[in-house]
Amino acid sequence: MKILLALLEVFKNPAFYGSVLAVTPPLLFAALGCSVAQKADMTNMGMEGIMLISSFCGTLAAGYIGGPNPWLGLLVGVIVGALLGYLVAFFNLKMKVDIILVGIAMNLLGGGATAFFLPLVTPNHDRTSTNSIQSGILPLIKLPFLEKFPTLNAILNNQNVLTWISYIMIFVMAFLLYKTKLGLRIRAVGENSNAAESVGISSSKVKTIALVLSGILGGLGGTFMSAAYLSYFSNGITAGRGFIGLAACSMGEANPIPTALTSILFGFFYALSNYARTTGISDNIMKMWPYIATLIGVVIYSINKTNKEKKRRAQLSEK
Amino acid sequence: MKKFLTVLLACLMCLSLAACGGNGGNNEPAKSAFEQAKEAGKFTVAFVVNGTLGDKSFFDSGNAGIERINAELGDQAYGETIELTYDTSTWGTGLEEVFKTGWDAIIVGTYDMKEYTIPLTEQYPDQKVWFYDEVWNFDDAEGWQYCPSENLYAMMFSQNEGSFVVGAMAAMLSQTGKVAFMGGMDNTVLDDFYVGFAQGAKYVNPNADVNLSWMNSFSDATAGKDTAQGLYAAGYDVVFACGGQAGLGGFDQVITEAEGNWVIGVDGDQGAYFASLGTDEGNAKAARCITSMIKSLDVGVFEACKRHLEGTLPYGTNDALGIAGDYVRAAITDTTTTVFTEEQLATVNQIIEDIKNGTIVVETAFNHEDGWFTNYVKQNDSTK
């Protein structure tokens, strides 16, 4: 009972919802990135590695070129992300390496290369983080008119600019996939690349574009970690967020809106585990929740799907 | 074009062959520093890090001890640091490799490494091992993890004593009467930190509420930042960030909080470290770090080596390294002298003296029956 009251107290606190919005973006970028690749039938397993490397490069650029210049860091992070996305496409489409293997290689490279180069490029030869170079943080969006409404103010005010971009990106990706020619082609190639080829669409070109887009989103997610979440790069800074994004993508069937909602659900439980520490619930149980939620979600989803399938078959057999 | 490339590659191959030939004159491979030290009859010490250096905390401190051995005892001893990285799957084999190499003494420690060390002490009974941060069972044959090694020296830092002091300082500064301990992962050494911290806070303010939170990581700074965020939001205005690199996330959070929220560092002087960076952010972090609970592994490592060479190192015992020998202490930085009044600092010094002369007896998390710690937390943390 005491625990329930304490939980209620957390849910009544608007700052908690602000925290949900603030911790979700890296998951969201990763999930959207995976979904656009998935739509073209390319499983971007290497999301974690792409995020790590672009976070690392972005931080260095922000710190070394023109003093603390996080915007430049963002640009470099995105460019590096795009290049890595292209690299995945190159190895899979041109060199014919299995896409999952390329992804695993990318993740290993991400963890290893960043740890290797970190002491070589930082002035103090830091082994764990770039604390000794100042790479700055992207600006917070201040909305003075919200100050009249304390609840909304606590939720929406002073969020990082990249946080806003991440939520805008949901609609951008939905528009891109469902309302543009490119989106149609991506989906067509993903559904049946032979059919798409037969009407003159180059499937490898479209898949490459999808992976580059995926890399750009991964770059945004990586930069978020080191220029918004923290203000420096540290080894393994993404801490599995790329993989959680991949999970959110498959739960949302790679459709932007459901994928985004799943990411926000993960973010919700993540923030809850931070806020619920002071309620007396065991930390270990709180840490489990996002994964339990995933399991429950997947079960409900597959029950629904099998039911639909059964109905459809029943209808077909009646005819 | 193709021809040009062929010629170029051929040239490169010739050059590289020539380069090999240049080295070929000296057939013996270059000797490592360890082999040279062995030949010179020096006492060789390996410091095995189950992580990587650069944590600005415990491992770096041990490495500093090794450097001091090389600098001050270099004519008799040689020390080297070996990193096993944070990949736990390689720790067992990595440590075995070090045992095989033939170092005169191996320094290793922490709760995680104990289970790997016990079988190796049986396999290499003559190997000298200096183990830090775990109490060893040398006598009780029926007891848990019995290890009757005559060649194992257990360095046990009294982190509870140092934590008592920083706990008292935290309670002095707290406006809300609520302070928090943010640990890496639940193990007896970190419990020992909490026990001292809570007792110290209660010593100054008997009504103090001392939260216990685990980050469940020693390496993920975002976990530390998020944990600290939840704590500050709940009104805990002094947070003891105690968990290596993950704890540094507490410093990232405190600079985004309002004035009057503070953080306490651990193992090394983390406030001084951030001040030494000279960046705006480093200065901001240093200005919020009221003190650090320094656990001087460097002193422990150096003194152990010195005492071994003198023949006075007490093998086969648990050696308590406490506040009395400056093995643990509270760091005094510019921030400390700014935020505390002279009276308060005098009280702190009095507490330190009282611990040294035994007037204050600091409770420990070691050597209790099961469930003792859970009860202890319940008495001190209103949320549990």
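Okay, a definition to start: a residue is buried when its relative accessible area is under 20%, exposed when over 50%, and partly exposed in between, with a 1.4 Å probe and protein chains only. Take B:Asp267, which is buried at a relative accessible area of 10%. B:Asp267 sits in strand 9 of chain B, residues 262-267, where helices (H or I, at least four residues) and strands (E, at least two) are DSSP runs numbered from the N terminus. It isn't a glycine, yet B:Asp267 has a positive phi of about 70°. Most residues other than glycine have a negative phi.

Some ground rules before I go on. This is a predicted model, so local features need pLDDT of at least 70 and side-chain atom pairs count only at pLDDT 80 or more, while totals for chains, interfaces and linings use all residues. Residues are numbered from 1 along each chain as its sequence is written, chains are lettered from A and ligands numbered from 1 in the order in which they are written, and side-chain values use heavy atoms, with hydrogens and water left out.

Buried or exposed, or in between? B:Asp326 is partly exposed, at 43% relative accessibility.

Now chain B as a whole. It carries 15 helices and twelve strands, and its C-alpha atoms fill a box of roughly 80 × 65 × 35 Å along the principal axes. Of its 384 residues, 55% count as buried. Contact, by the way, means heavy atoms within 4.5 Å. Looking at contacts in chain B with a separation of 6 or more, 75% come from residues 24 or more positions apart.

On to the cores. A nonpolar core is a set of buried Ala, Val, Leu, Ile, Met, Phe, Trp, Tyr and Cys residues joined through side-chain atoms within 4.5 Å. The largest one has 76 residues, and B:Trp130, B:Phe181 and B:Phe240 have the most contacts inside it. Which helix gives the largest share of this core? That's helix 6 of chain B, residues 159-173, with nine residues. Setting aside neighbours within four places in sequence, B:Phe240 touches, among others, B:Val166, B:Phe181, B:Phe193, B:Ile264 and B:Met293. Apart from this core lies another, of 72 residues, including A:Leu118, A:Val206, A:Ala227 and B:Cys289.

Let's move to helix 12 of chain A, residues 241-251. Its buried residues are A:Arg241, A:Gly242, A:Gly245, A:Leu246, A:Ala248, A:Cys249 and A:Met251. What do they pack against? In chain A, helix 3 (25-39), helix 4 (47-64), helix 11 (203-229), helix 13 and helix 14 (283-318), plus helix 8 (221-233) of chain B. In that chain B helix you'll find B:Thr222, which is buried with a relative accessible area of 0%. Leaving out neighbours within four places in sequence, B:Thr222 contacts A:Met225, A:Tyr229, A:Leu230, A:Ile237, A:Arg241 and A:Tyr270.

Now the helix pairs. Axes are lines fitted to C-alpha atoms, for helices over the stretch in contact, and angles run from 0 to 180 degrees between N-to-C directions. Helix 4 and helix 12 of chain A pack at about 140°, axes 7 Å apart. That makes helix 4 of chain A oblique to helix 12 of chain A, since under 35 degrees counts as roughly parallel, over 145 as roughly antiparallel, 65 to 115 as roughly perpendicular and the rest as oblique. A:Met47, A:Glu48 and A:Met51 of helix 4 of chain A meet A:Arg241, A:Gly242 and A:Phe243 of helix 12 of chain A.

Last one, in chain B: helix 3 (residues 58-72) and helix 12 (residues 297-310) have axes that come within 7 Å and cross at roughly 35°. Among the residues that meet there are B:Phe58 and B:Ile69 from helix 3 of chain B, and B:Leu297 and B:Phe302 from helix 12 of chain B.
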